[in-house]
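Here is a quick tour of one protein chain, written for someone who would rather look than compute. Keep the viewer open and follow along.

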Amino acid sequence: MRGGKLIFVGCILISLFAQISAVKKSYIVYLGSHSHGPDATLEDYELVESSHYKLLGSYVGSEEKARDAIIYSYTKNINGFAATMEENEAEEIAKHPDVLSVFENTIHKLQTSRSWSFVDMDNAERDRIGALWTKAKFGRDIIIATLDSGVWPESKSFSDEGMAPVPSKWRGYCENNTKDGVPCNRKLIGARYFNKGIRAFNPDLNITNSARDTDGHGTHTLSTAGGNFVPGASYFGYANGTIKGGAPGARVAAYKTCWAEFCMDADLLAGFEAAIHDKVDVLSLSIGSAPVTRGLDYLDDALAIGSLHAVAKGITVVCAAGNNGPDGTIVNVAPWFLSVGASTIDREYLSSLRLGHVTVIKGATQESETLPQNRLYPLINSSDAAAHGVAQGDAALCDDSSLDPEKVKGKIVVCMGGVVDADTKTSNVREAGGVGVVIVNQTEEADYLTVGPNFLPSTMISYKHGLTLLSYMESTNKPLGNISPPESRIGVIRAPVVADFSSRGPSNSTPEILKPDVIAPGVNILAAFSPDGSSTDIMSDTRSTPYALLSGTSMACPHVSGVAALLKMIHRDWSPAAIKSAIMTTARTRDNKKQTIRDYTHEEATPFLYGNGHIRPNRAADPGLVYDITTDDYLNFLCALGFNATYLSNLTETPYFTCPSEPMRLENLNYPAISVPALDKTFTVTRTLKNVGSPGTYKVHVVAPSGVDVVVTPAELSFSRVGEEKSFRVAMTSKHRTIGKGYTFGRMVWSDGKHYVRSAVAVNVVA
């Protein structure tokens with residue numbers, strides 16, 4: 001009898017395992033590139049699609065089944081398809097000699113942070129971008145595109161007033177055939193949606209067939225990159241003034257590949273495929289993913305694959321570095337990406353806290369609601385207002401359902417900062433009947449003021465001022481206070497500061513490439529927004545706004561995309577690598593106080609936080625020299641990671657690519673920064689500079705990383721013409737006292753007296 005039970009249970013387990021193995025998921029089958037040439041026809045594309053049906057059909061039983069299984073067939077630039085299949089089928093098709101990789105259709109996420117610091121756009125930065133734009137007005141055929149959550153076409157940021165007809169090179173269009181469709185004009189020249197991948201992942205997801213933006217993220221990023229001039233813009237009265245994108249005269253296009261903040265590999269590749277075919281010039285990707293842990297994983301990642309194809313076609317691809325800071329690892333680290341971290345800027349929003357009739361404490365806010373100023377309100381510590389059965393620690397944070405309405409009603413509630421989002425704290429106080437909120441920073445070491453846009457009078461105060469507040473509340477039986485109306489001031493605080501949420505280097509997969517590349521404004525950025533979206537993410541907040549202040553590397557990324565577009569307008573023959581080099585080597589590492597850029601704890605930041613520094617658009621227009629990189633250089637880099645030539649030859653339109661007989665050292669990719677993750681006594685890297693300015697002689701200046709001797713040979717380079725290239729070597733020798741102490745940092749600068757070509761240097765001494 002017992003044996004019969006075992007047999008029965010065993011049958012159940014076998015059945016369960018069979019069901020699990022038979023579960024169908026969606027996968028990407030990547031086959032490399034096409035060699036259509038510029039005159040490809042619809043028939044060419046149909047032949048490719050048929051080949052995909054034939055290939056998959058040989059594994060799933062028939063071409064008819066393959067037609068039902070295939071979600072996307074990538075036929076124009078990227079060669080491959082997305083299809084639903086069983087795991088064992090995916091494993092088998094991966095063995096086919098023409099298949100480069102098979103990977104599951106996984107999720108990427110938009111990179112907006114709900115943590116805010118109180119600063120806004122550096123006015124001097126606006127002027128510099130404006131001056132650069134004046135030089136580039138003739139280049140209005142440049143097209144910036146985003147892969148994001150779409151666009152709100154009625155926004156004034158996408159007005160086409162005064163714009164010339166759409167460029168003749170443009171192949172794209174707007175999908176406007178439904179009630180939620182998106183109309184085109186001479187500014188917004190493309191808007192398409194891709195949702196088959198996310199529908200395959202979750203068929204029950206309630207999404208529309210439209211490129212229209214319902215959450216605000218896509219509208220915000222696209223307008224930041226290329227939005228037109230809009231006077232009188234503000235967020236409920238904050239940051240009032242004229243807004244514009246980085247390249248306000250550029251054309252813009254939106255490829256909606258992200259839904260409810262999530263973006264699937266299959267949809268992203270479809271977006272890349274369309275953008276490349278449509279002839280965009282700059283792709284802005286405010287999207288993050290799990291950090292790549294091995295270089296060999298690059299071609300199992302839709303963002304890395306799609307962007308490599310785009311760069312090979314001359315498209316500059318700019319990516320968010322991720323919101324995993326301060327402890328999380330940077331994402332989007334492939335060397336063909338321009339990876340952007342986030343920094344603060346120099347506007348702050350002030351709201352003072354009055355205690356009794358005398359003491360006034362400086363605070364920060366971003367709230368449109370104000371209290372009457374002719375009276376004082378009772379103050380209560382949230383830990384003293386805990387609901388029945390709630391721990392005081394939860395109430396201290398103003399967590400969900402932690403406050404007793406009878407104790408809170410009509411009072412200003414003092415909440416401790418951290419753990420729970422500031423907007424959630426404020427919402428919880430509001431629901432409990434409180435009239436205002438004071439959030440006290442818990443740590444002196446990271447004493448920066450962060451509070452999001454809310455709809456209850458609120459202010460955040462520092463740890464030091466929090467002690468003053470708590471001392472006052474303990475000194476009287478009836479503590480009273482009021483929160484003043486907000487005011488904004490420009491140029492009064494240190495900026496830029498690396499945002500706390502901005503992801504840090506080094507890269508896990510290829511630490512030989514120093515990331516991020518640069519930082520750019522990414523905190524409290526005012527830009528266009530979808531009226532259907534929520535700027536606070538609070539369920540009870542039903543307010544609508546055409547403009548919003550958002551933060552994240554999502555917001556930093558399109559700043560750089562706009563600058564890249566401006567550079568493309570001025571320098572039509574520059575490669576994506578040259579544009580990236582110009583932006584990187586002209587970046588600054590000092591703030592507006594002429595001190596080294598700091599992080600949010602007030603400590604000096606390093607290149608693992610800011611890369612080569614904070615962008616300077618005007619300087620980037622005339623960098624003097626650039627570090628250029630070709631598609632073959634990137635393929636050689638992949639060879640060095642372990643990919644074979646047969647595999648890599650399928651990535652290009654030239655089928656005869658071969659790997660070098662001696663693999664390159666990864667450190668020797670001609671990157672505008674230098675990273676040596678394992679210096680064993682001595683190491684030499686090589687670089688090549690290309691002249692893109694006037695003839696001249698450049699001399700090198702080196703600030704060596706601590707514990708490392710650095711010698712550059714030759715120390716002087718002379719250029720007589722545009723396009724001339726000169727190579728040099730950087731020899732590094734370790735000093736024993738730095739072994740095992742981690743990375744140290746330095747810099748290398750080539751200058752002719754007018755131009756300063758800067759490179760960050762990071763070295764980890766191991767012997």
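## Two helices side by side

Let's start with a contact between two helices: Asp265, Leu268, Leu269, Phe272 and Ile276 in helix 8 meet Ala302, Leu303, Ile305, Gly306, Ser307, His309 and Ala310 in helix 9. By type, the residues of this contact split into eight nonpolar, three polar and one charged. Bear in mind that the model is a predicted one.

How do the two helices lie? The axes of helix 8 (residues 265-278) and helix 9 (residues 302-312) come within 9 Å and cross at roughly 10°. Angles under 35 degrees count as roughly parallel, and helix 8 and helix 9 are therefore roughly parallel to each other.

## The sheet and its helices

Next, find the open sheet of seven strands, which runs in the order 19-18-24-20-21-22-23 with mixed pairing. Strand 19 (359-361) and strand 23 (458-461) are the edge strands, each pairing on one side only. From one strand to the next, the twist averages 30°.

For a look inside the sheet, take strand 20 (residues 377-381) and strand 21 (residues 412-416), which pair in the parallel sense over three bridges. Leu379 stands opposite Ile412 in strand 21.

| Helix | Strands touched | Direction |
|---|---|---|
| Helix 12 (residues 422-431) | strand 21 and strand 22 (436-440) | about 145° with strand 22 |
| Helix 13 (residues 463-474) | strand 18 (353-355), strand 19, strand 20, strand 21, strand 22, strand 23 and strand 24 (480-483) | about 110° with strand 20 |

## The nonpolar cores

Which residues have the most contacts inside the largest nonpolar core? They are Tyr255, Leu283, Ile583 and Leu638, and that core has 115 residues. Helix 14 (residues 553-570) gives the most to this core, with nine residues.

Ile583 is a handy one to click on. Leaving out residues up to four places away in sequence, Ile583 touches Leu338, Val518, Val560, Val563, Ala564, Leu567, Ile615 and Ala620. Another core lies apart from the largest one; it has 23 residues, among them Ile674, Val685, Val708 and Phe728.

## The whole chain

Zooming out, the protein chain has 19 helices and 39 strands. Of its 767 residues, 59% count as buried. As for contacts in the protein chain with a separation of 6 or more, 75% are between residues 24 or more positions apart.

Key
Residues are numbered from 1 along each chain as its sequence is written. This is a predicted model: local features need pLDDT of at least 70, side-chain atom pairs count only at pLDDT 80 or more; totals for chains, interfaces and linings use all residues. Side-chain values use heavy atoms; hydrogens and water are left out. Axes are lines fitted to C-alpha atoms, for helices over the stretch in contact, and angles run from 0 to 180 degrees between N-to-C directions. Helices (H or I, at least four residues) and strands (E, at least two) are DSSP runs, numbered from the N terminus. Angles under 35 degrees count as roughly parallel, over 145 as roughly antiparallel, 65 to 115 as roughly perpendicular and the rest as oblique. Contact means heavy atoms within 4.5 Å. Ala, Val, Leu, Ile, Met, Phe, Trp, Tyr, Cys and Pro count as nonpolar, Asp, Glu, Lys and Arg as charged, and the others, Gly among them, as polar. A nonpolar core is a set of buried Ala, Val, Leu, Ile, Met, Phe, Trp, Tyr and Cys residues joined through side-chain atoms within 4.5 Å. Buried means under 20% relative accessible area, exposed over 50%, partly exposed in between (1.4 Å probe, protein chains only). Two strands pair if DSSP finds at least two bridges between them.
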